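My entries follow in the order in which I checked them.

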Amino acid sequence: MIKQNPPDLIILDLMLPFLNGYQVCKKLRQEGNSVPMIMLTVKDQEVDKVLGLELGADDYVTKPFSLRELLARVNALLRRSSENIPESSVFCIGETAFDLKKFEALKNGKVIEYTTLEFNILKLLFERKDRQYSEQNF
């Protein structure tokens, strides 16, 4: 599923039914998947945290946690991963310019308001501009 539709971020619990979160993380990283990843677990020993981070997790959050803290960590990781968008992240469609780094769209110098979902769809289409889409893709 991750190969077919790469996510922007993975929140991975360690206690999974078939493979544990460590194994999933290790496998994804071995396959070259660099999507930002947060491990979420009740295991709060230093050795568990270090293992998760050494296997490739970008962050490690222990339960219980506040939703506010988790969202802040998610936003921080997404912000850092968006910094890796190349400078050619500005593109134009007609008179509208889209800046993927700033999450901004301008038409004739005026800001166009998009929801986060709408802008992420535009970003996805731009990043995969060499692909063709049909109804079967959706």
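Does Asp13 count as buried, exposed or partly exposed? I looked up its relative accessibility and got 23%, so Asp13 counts as partly exposed. The cut-offs I used are under 20% relative accessible area for buried, over 50% for exposed and partly exposed in between, with a 1.4 Å probe and protein chains only.

**Ground rules.** This is a predicted model, in which local features need pLDDT of at least 70 and side-chain atom pairs count only at pLDDT 80 or more, while totals for chains, interfaces and linings use all residues. Residues are numbered from 1 along each chain as its sequence is written, and side-chain values use heavy atoms, with hydrogens and water left out.

**Overview.** I noted four helices and seven strands. Helices (H or I, at least four residues) and strands (E, at least two) are DSSP runs, numbered from the N terminus. Along the sequence the pattern reads β-α-β-α-β-α-β-β-β-β-α. The protein has 138 residues, and 29% of them count as buried. I put its accessible surface at about 10,000 Å², with 54% of that belonging to carbon and sulfur atoms. These areas come from the Shrake-Rupley method with a 1.4 Å probe; for residues, only the protein chains shown count as cover. I also looked at contacts (heavy atoms within 4.5 Å). Of those between residues at least 6 apart in sequence, 39% join residues at least 24 apart.

**Salt bridges.** I counted a salt bridge where a side-chain nitrogen of Lys or Arg is within 4 Å of a carboxyl oxygen of Asp or Glu. That rule gives five salt bridges. Asp13 pairs with Lys63 at 2.9 Å, N to O. Asp13 is in strand β1 and Lys63 in the loop between β3 and α3, so the pair ties together parts that are 50 residues apart in sequence. Lys63 is partly exposed because its relative accessibility is 34%.

I then checked Arg73, which forms a salt bridge with Glu69, the closest N and O atoms being 2.9 Å apart. The two are four residues apart in helix α3, which means that about one helical turn separates them. Asp59 joins Glu69 and Arg73 in a network of salt bridges. Lys27 and Glu31 form another salt bridge, with 3.1 Å between the closest N and O atoms.

**Cis peptide.** The bond from Lys63 to Pro64 is cis, with omega near -5°. I found Pro64 in the loop between β3 and α3 (67-82).

**Core.** Which residues make up the largest nonpolar core? I listed 11: Ile10, Leu12, Leu14, Tyr22, Cys25, Leu28, Val35, Met37, Met39, Ala57 and Tyr60. A nonpolar core here is a set of buried Ala, Val, Leu, Ile, Met, Phe, Trp, Tyr and Cys residues joined through side-chain atoms within 4.5 Å. Two or more residues come from each of β1 (10-13), α1 (21-30) and β2 (37-41). α1 gives the most, with three residues. Apart from this core lies another, of seven residues, including Leu9, Ile38, Val61 and Val74.

Ile10, in strand β1, is buried, with a relative accessible area of 11%. Leaving out residues up to four places away in sequence, Ile10 touches Ile2, Leu28, Val35, Pro36, Met37 and Ile38.

**Helix α1.** Its buried residues are Gly21, Tyr22, Cys25 and Leu28. They cover an arc of only 135° around the axis, so they sit on the same side of α1; the arc is that of the directions from the helix axis to the C-beta atoms. I found them packed against β1, β2, α2 (46-55) and β3 (59-62).

**Surface patch.** Leu117, Ile121 and Leu125 make a nonpolar surface patch of about 280 Å². Patches are made of residues with over 30% relative accessible area and no salt bridge, like charges being joined within 9 Å and nonpolar side chains (Val, Leu, Ile, Met, Phe, Trp, Tyr) within 5 Å. Leu117 belongs to helix α4 (residues 116-127) and counts as exposed at 60% relative accessibility.
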